[in-house]
Amino acid sequence: MICKDRVAVVTGAGRGLGRAHALEFAHQGAKVVVNDLGVARDGTGDASGGPAHEVVEEIERLGGQAVASPHDIATEEGAAALVATAIDAFGRLDVLVNNAGFLRDRMLVNLSEDEWDAVMRVHLKGHFLPLKHAGRYWRGEGKAGRPVDARVINTSSGAGLLGSVGQGNYSAAKAGIVGLTLVAAAELVRYGVTVNAIAPAARTRMTEEVFAQTMAAPGEGEFDAMAPENVSPLVVWLGSAESRGVTGRVFEAEGGRICVMDAFRHGPAIDKGARWDPAELSPVLTELLARSPAPEPVYGTS
């Protein structure tokens, strides 16, 4: 059990990927805080907390230890209470998995301001605030002379890395999470904290309707590449002591495939040593683009 006695918080853990992560952490010996509001796929409806309690009961039936957190982690108070729940229940916090989110899909020309703000709030703000309060806790532990060997695993998406038509708000939020991950990795390393991100592909409430054909269940006896449980081993490894020294990375995870993303690296360059005239740039940029790999995916223009 690679996470024995570690304390892990998982947001959005009542269903889908978060539930799978919580169960695998418990299976690997961790004590788990299961955070979920219990709202609908688009974030609407009353917060019941029911799914979080169901996952806690499932973990306890399997012999593990878990507590439920019904807190809204996109609020200052809720994020602080989330971290406090782990400390009050288990005496410490070792791992934060930021996973909570929902969809409000729309083409850009039809996307409302409320739909933009709601997705930014739950995904981007809902990553920032728990990360902030967990980081404060770990900083305090270090200043008190207590050893810290902590982990943060953020959840981006292929939509954030490569874009996704009809998901401008979601893609922008998920890309922002990558930027936040890089900054947090640089800032928190001094406190004994690593920060990484995953871009998972799996069957969840958010994907099974939007990508129905891709997410369809396989035939009997075939490997279910889209099962959310396939992503959780990577998340749990990143939350374990074995991942010490791995930080500021983004991993794709789908089925049995794990990929280390290699984006936003400096590519070909030409330095004139002086200011360019716009009329000079066509051959220069043609050469630079010819020396660069094609973007993923490739879109046509009209």
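Which strands does helix H2 lie across, and at about what angle does H2 run to E3? I will start there and then go through the rest of the fold. Keep in mind that this is a predicted model.

Helix H2, residues 50-61, lies across E2 and E3. Relative to E3, the direction of H2 is at about 180 degrees.

Now the sheet itself. The protein has 8 helices and 8 strands. The 8 strands form an open sheet, and the order is E3-E2-E1-E4-E5-E6-E7-E8, with mixed pairing. At the edges stand strand E3, 66-69, and strand E8, 257-260. Each of these has a single partner strand, so one side of E3 and one side of E8 have no neighbour in the sheet. From one strand to the next, the twist averages 20 degrees.

Next, one pair within that order. Strand E1, residues 7-11, and strand E4, residues 95-98, run parallel and are joined by 3 bridges. Valine 9 has leucine 96 in E4 as its bridge partner.

Helix H1, residues 16-27, also packs on the sheet. H1 touches E1, strand E2 (31-35), E4 and strand E6 (193-201). The direction of H1 makes about 170 degrees with that of E1.

Last, the totals for the protein. Of the 302 residues, 44% are buried. The accessible surface is about 15,400 Å², and carbon and sulfur atoms account for 53% of that surface. For contacts between residues at least 6 apart in sequence, 70% join residues at least 24 apart.

Methods:
Residues numbered from 1 in each chain as written. Predicted model: local features only at pLDDT ≥ 70, side-chain atom pairs only at ≥ 80, totals over all residues. Heavy atoms only, no water. Helix = DSSP H or I, 4+ residues; strand = E, 2+ residues; numbered from the N terminus. Buried < 20%, exposed > 50% of the residue type's maximum accessible area, 1.4 Å probe, protein only. Contact = heavy atoms within 4.5 Å. Areas by Shrake-Rupley, 256 points an atom, 1.4 Å probe, with all protein chains shown as cover. Pairing = 2+ DSSP bridges. Axes fitted to C-alpha atoms, helices over the stretch in contact; angles between N-to-C directions.
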